[in-house]
Amino acid sequence: MIFAIEEINKNPAILPNHTLGYRIYNSCGMTNIMKSALDLANGQREIIDERNCTKADAAQAVLGHSGSAPTVGFARIIGRFYVPVLSHFATCTCLSDREEFPSFFRTIPSDLHQSRALAKLVKHFGWTWVGAISNKNEYGINGIASFIQVAQEEGVYIEYYRTFEQTGPPCELDQILETVKYSTSKVIVAFMSHREIKVLAGELYKQNITGLQWIGSDAWITDHSLTDSEGHGVLVGSLGFVTGRAQIPGLEEHLRRLQPSQFPGSQFVRDFWEDMFDCSLNNSVNSQRKPCSGSESLKGVQSYFTDVSELRFTNNVYKSAYAMANALHNLVTCKEGNGPFYNGSCADIKNVPPWQVLHYLQNVNFTTSEGERVTFDQNGDSYARYELVNLQHVTSGTMHVATVGIFDATLPSEHQFIMNGMDIVWGGGSDTVPVSVCSESCPPGKRKVLHKRKPVCCYDCILCAEGEISNVTDSTECFKCPIDFWPNTRGDTCILKGIDFLSYTEVMGIILTFFCLMGGILSTIIALVFFHFHETPIVRANNCELSFLLLFSLTLCFLCSLTFIGRPSEWSCMLRYTAFGITFVLCISCVLGKTIVVLMAFRASLPGSNVMKWFGPTQQRLSVLAFTLIQVVICILWLTINPPFPYKNMNHYNEKIILECALGSTVGFWAVLGYIGLLAMLCFVLAFLARKLPDNFNEAKFITFSMLIFCAVWITFIPAYVSSPGKFTVAVEIFAILASSYGLLFCIFLPKCYIILFKPQQNTKKHIMGKTKHYP
């Protein structure tokens with residue numbers, strides 16, 4: 001401040017023909033600070049140097065204090081007299097209240113901006129679950145309250161908030177240590193002075209509570225006294241915002257010209273000088289050191305006092321002095337008629353009321369020699385621009401602070417916080433960004449379920465329900481897939497459902513196709529055998545024409561099974577059921593005709609019987625045709641009214657679509673099956689009645705057995721058909737067709753082929769008719 005005022009007084013462009021004077025009250029303790037401020041405001045103390053000052057009995061402004069709490073105390077009082085108070089380090093948001101502090105200004109940004117910057121910092125690194133600690137004065141309580149409010153707007157939640165004082169009861173500190181030790185958050189925002197943080201860090205060090213990421217307020221984050229703390233290592237990696245560094249030309253030379261004779265009453269200068277040169281000034285109580293002459297020089301000495309590389313808050317003092325000087329300059333250079341007061345009047349330089357100085361200070365607007373703009377808003381606050389600093393290295397006596405980003409409140413919200421890409425040392429000296437969340441993020445495929453009575457950042461991650469997905473991180477709900485889609489295994493994407501049907505390429509399809517073709521081939525071979533031996537008695541015995549027609553229908557039965565395999569289409573769905581129904585009726589009609597022929601033949605062999613003329617070959621053909629035409633009519637009605645059609649069955653399986661043939665008309669389907677069953681039962685009854693006829697080769701026995709197999713297969717088919725899902729329904733249908741067809745083929749024709757090929761001696765009319773008699 002002295003350097004700035006001397007520089008101003010030497011500058012003819014500022015306050016020409018006027019000289020700035022000052023009074024310094026180096027007071028400690030709230031009471032002394034308050035008394036000093038009141039003395040400055042009402043002029044109760046003697047003027048130090050009348051040569052440099054007018055006889056004014058009150059100071060034009062008060063520069064200070066560096067602490068928010070004492071500033072609040074005296075600014076509230078002297079603000080009633082409109083005496084300007086200009087602070088370089090009092091950051092409490094409460095001081096922006098113009099009703100309570102009408103004369104307060106500051107060259108450091110309000111904690112409101114710092115709190116917003118800290119909240120954006122925490123959000124930037126994904127720390128949504130943090131702890132908060134402050135001291136118990138207005139600086140800490142108001143600062144942390146502003147941070148909590150802004151943090152919640154940014155989606156950051158506070159696990160705990162604790163306060164304590166350096167001089168408070170030990171139990172308060174113990175409670176904080178317990179809270180920190182057992183909390184789940186790894187990031188702590190500390191809004192306090194260097195005195196409290198040193199006490200807290202020391203206790204944490206003693207209890208070996210480390211690995212925490214500290215976010216510090218500007219009151220302690222770069223304070224050099226941290227190097228004296230026992231627990232300074234705990235704070236390595238701390239992050240915080242401070243005002244930007246600045247260069248003040250000439251300040252280092254000014255500091256190095258310091259001599260004890262300039263401040264003979266300053267205990268600080270006396271202690272500093274003796275410590276720096278390890279000597280004892282005159283009248284000092286320390287007689288063990290060599291005496292100091294007081295003429296020693298600081299020009300070649302490297303010390304924290306002469307180090308001007310980290311001028312942050314010092315620059316605010318420099319700007320405060322210049323702000324006051326520019327305000328007074330505008331006041332004294334005012335031209336009558338162009339003044340800001342009534343009728344364009346200016347202030348009376350010989351008797352300047354404080355409110356007029358306040359007016360000029362409110363409207364001050366200038367740029368420093370280093371290009372920094374100084375102005376105040378309507379609340380007396382400076383525009384906020386911070387540097388984000390990282391406490392990278394702390395040892396006893398030394399501290400290394402690196403600037404890793406900036407925050408500029410004058411920029412748009414989304415561009416206010418900018419990182420510069422420099423490497424950051426994290427809490428505990430770690431190289432990796434710490435994680436501080438109440439719950440880990442829910443990956444895609446899961447959704448959040450909030451914990452009761454806890455903030456929204458505390459939740460469980462549960463899998464999406466069946467058929468639902470979530471495709472973003474931290475989704476609060478899952479979404480159902482469209483009807484033709486199903487979630488993938490991770491549950492984050494809907495994929496097209498697989499189409500499932502009985503195909504020719506799968507093992508089941510290949511096996512069934514093989515037996516279908518094998519049945520057709522066997523039927524053809526037997527037909528060829530019968531054709532080759534068609535003149536033999538065993539072929540001619542039971543209507544050769546019906547046998548060939550039966551073999552033809554069995555071949556069709558085997559081949560129609562192939563229409564059940566493959567991707568269902570409109571034509572295949574209609575063909576499979578109608579072809580199956582008609583060919584099976586044709587087959588059963590032939591068997592029924594053969595059964596009736598056996599019965600008629602036995603009746604015809606009785607004396608006086610002419611039954612065969614009523615059921616000759618023509619009648620046999622007509623009966624087969626009539627029975628088959630009935631099934632044809634049923635099938636035509638079915639296809640006309642409500643035919644089978646391809647259908648995507650999504651009921652059996654969620655993850656795939658069963659492509660099958662819907663029956664269309666259920667009545668039509670069961671009418672077809674019922675008609676086949678009716679003919680089969682009729683055939684079975686007739687064959688059963690003819691099973692004990694006296695011929696050596698009684699075909700009725702084999703028909704009875706084949707019909708027994710046929711009925712058994714189709715009776716068991718019904719529950720199997722109803723209970724089988726998807727393509728297994730089709731497999732059951734094919735199996736029933738093949739089993740009944742093979743039953744007919746083997747039971748009716750295999751014995752005859754055996755005799756034709758391997759027992760030709762039995763293939764005679766005499767043997768078949770059983771004419772040989774045995775007498776006693």
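How much space lies in the largest cavity? The largest cavity holds about 60 Å³. The model is predicted; local features need pLDDT of at least 70, side-chain atom pairs count only at pLDDT 80 or more, and totals for chains, interfaces and linings use all residues. Residues are numbered from 1 along each chain as its sequence is written, and side-chain values use heavy atoms, with hydrogens and water left out.

The structure contains 3 cavities of 30 Å³ or more. A cavity is a set of points, on a 1 Å grid over the protein atoms alone, where a 1.4 Å probe fits but cannot get out; lining residues have an atom within 4 Å of a point. Points are joined across faces, edges and corners, and the volume is the space filled by probe spheres set on them.

Phe501, Leu502, Phe564, Gly566, Pro568, Arg576, Ile658, Leu659, Glu660, Gly726, Lys727 and Val730 line the largest cavity. Strand S24 (656–662) and helix H19 (727–758) are the elements that each give two or more of these residues. S24 contributes the most, with 3 residues. Elements are DSSP runs numbered from the N terminus: helices are H or I of at least four residues, strands E of at least two. The lining comprises 7 nonpolar, 2 polar and 3 charged residues. Nonpolar covers Ala, Val, Leu, Ile, Met, Phe, Trp, Tyr, Cys and Pro; charged covers Asp, Glu, Lys and Arg; the others, Gly among them, are polar.

The second largest cavity has a volume of about 50 Å³. Its lining includes Phe564, Tyr577, Trp714 and Glu733. Helices H15 (570–604), H17 (666–689), H18 (699–723) and H19 each supply two or more lining residues. This lining has 8 nonpolar residues, no polar ones and 1 charged.

Technical notes. On a 1 Å grid over the protein atoms alone, a cavity is a set of points where a 1.4 Å probe fits but cannot get out, and a pocket is an open set with protein on both sides within 12 Å along at least five of seven lines; lining residues have an atom within 4 Å of a point.
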